[in-house]
Amino acid sequence: MFGTDFFLQRRELGIINLGGEATITVDGNQFSLNNLDALYIGKGREDVTFSSADNCQPARLYCLSAPAHAAYKTRIIRRDEANQIHLGDADSANVRTINQYIHPDILETSQLSMGITHLAPGSVWNTMPAHTHERRMEATSISTLMTTKWFSTLWVSQQKRDTSSFVINSWCCHQVGRSTQDAALKTTALFGEC
C-alpha cells in the first residue's frame with residue numbers, strides 16, 4: 001500500500017457518480033450519491049466502502065485520488081451545488097458548461113479538483129483554445145452516458161521525445177467526435193487535476 005497502512009492515510013479522494021444511486025460509507029458514516037453528485041473524502045479516512053442502492057441500476061463511480069498534506073472534512077457536493085461556468089461559442093463548436101464540484105470555490109482540499117464539462121449539442125471541442133498545465137496534472141475521461149464516435153487529447157510542446165520516454169506536455173485540448181445522427185446527444189467529459 002505504498003508505505004502506508006491504508007489508502008487514504010496520506011491521500012484525499014474525489015468521487016463523481018455517473019450511474020444509479022450509490023452509497024459510500026466512510027468510517028461508519030453513510031453518504032448517498034444520486035446521479036452526477038460528488039463526494040470529497042479527506043486525508044486520514046481509514047474505512048471506505050462502495051455499494052449500489054439498486055443492482056439493476058448500478059452506481060458508476062469516477063474516482064480520483066491525490067497526495068494530501070492536510071485533512072479536510074468529507075462532504076457531498078450535489079449536482080445543483082456545483083459552480084457552473086458557461087463558455088464557448090457555436091462558431092467554434094465548443095459551447096459548454098463546466099461544472100466545478102471539487103474546487104476551491106466550493107470546498108477546501110489539499111490539491112484535488114474535479115468536475116464535469118457538458119458540451120452543447122453540435123459542439124465537439126471541450127477545451128478550445130488549449131489550456132496550460134505548468135504545475136498540475138490532469139486526468140480526463142469521456143462518460144459512456146452517450147455514444148461517442150471518438151475522443152482525442154492533443155498534447156503539444158516544443159520539447160522533443162526520445163525513443164525511451166514520453167514527455168507529458170504543458171498544454172492540451174480535447175475533442176469529441178460524433179456522427180450527425182448523434183448531434184442531439186449531450187456529451188460529458190470528466191476532469192480532475194492535482
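Colleague: Which residues gather in a patch of negative charge on the surface?

Modeller: Asp5, Asp27, Glu46 and Asp47 form that patch on the surface. Bear in mind that this is a predicted model.

Colleague: Take Glu46. Is Glu46 buried or exposed?

Modeller: The general idea is a cut-off: exposed means over 50% relative accessible area. Glu46 has 56% relative accessibility, so Glu46 counts as exposed. As for its place, Glu46 lies in the loop that runs between β4 (38-41) and β5 (48-52).

Colleague: How many residues of strand β1 are buried?

Modeller: Buried means under 20% relative accessible area. In β1 (residues 11-17), 6 of the 7 residues are buried, so the strand is largely enclosed by the rest of the structure.

Colleague: Which strands pair with β1?

Modeller: One is β6 (residues 61-67), which pairs with β1 in the antiparallel sense over 7 bridges. Within this pairing, Ile15 has Cys63 of β6 as its bridge partner. Another is β4, also antiparallel to β1, over 4 bridges. Here the bridge partner of Gly14 is Tyr40 in β4.

Colleague: And the side chains in a strand, where do they point?

Modeller: In a regular strand, side chains alternate between the two faces of the sheet.

Technical notes. Residues numbered from 1 in each chain as written. Predicted model: local features only at pLDDT ≥ 70, side-chain atom pairs only at ≥ 80, totals over all residues. Heavy atoms only, no water. Patch = residues over 30% accessible without salt bridge, like charges linked within 9 Å, V, L, I, M, F, W, Y side chains within 5 Å. Areas by Shrake-Rupley, 256 points an atom, 1.4 Å probe, with all protein chains shown as cover. Salt bridge = Lys/Arg side-chain N within 4 Å of Asp/Glu carboxyl O. Lys, Arg positive; Asp, Glu negative; His and termini not counted. Charge placed at Lys NZ, Arg CZ, Asp CG, Glu CD. Helix = DSSP H or I, 4+ residues; strand = E, 2+ residues; numbered from the N terminus. Buried < 20%, exposed > 50% of the residue type's maximum accessible area, 1.4 Å probe, protein only. Pairing = 2+ DSSP bridges.
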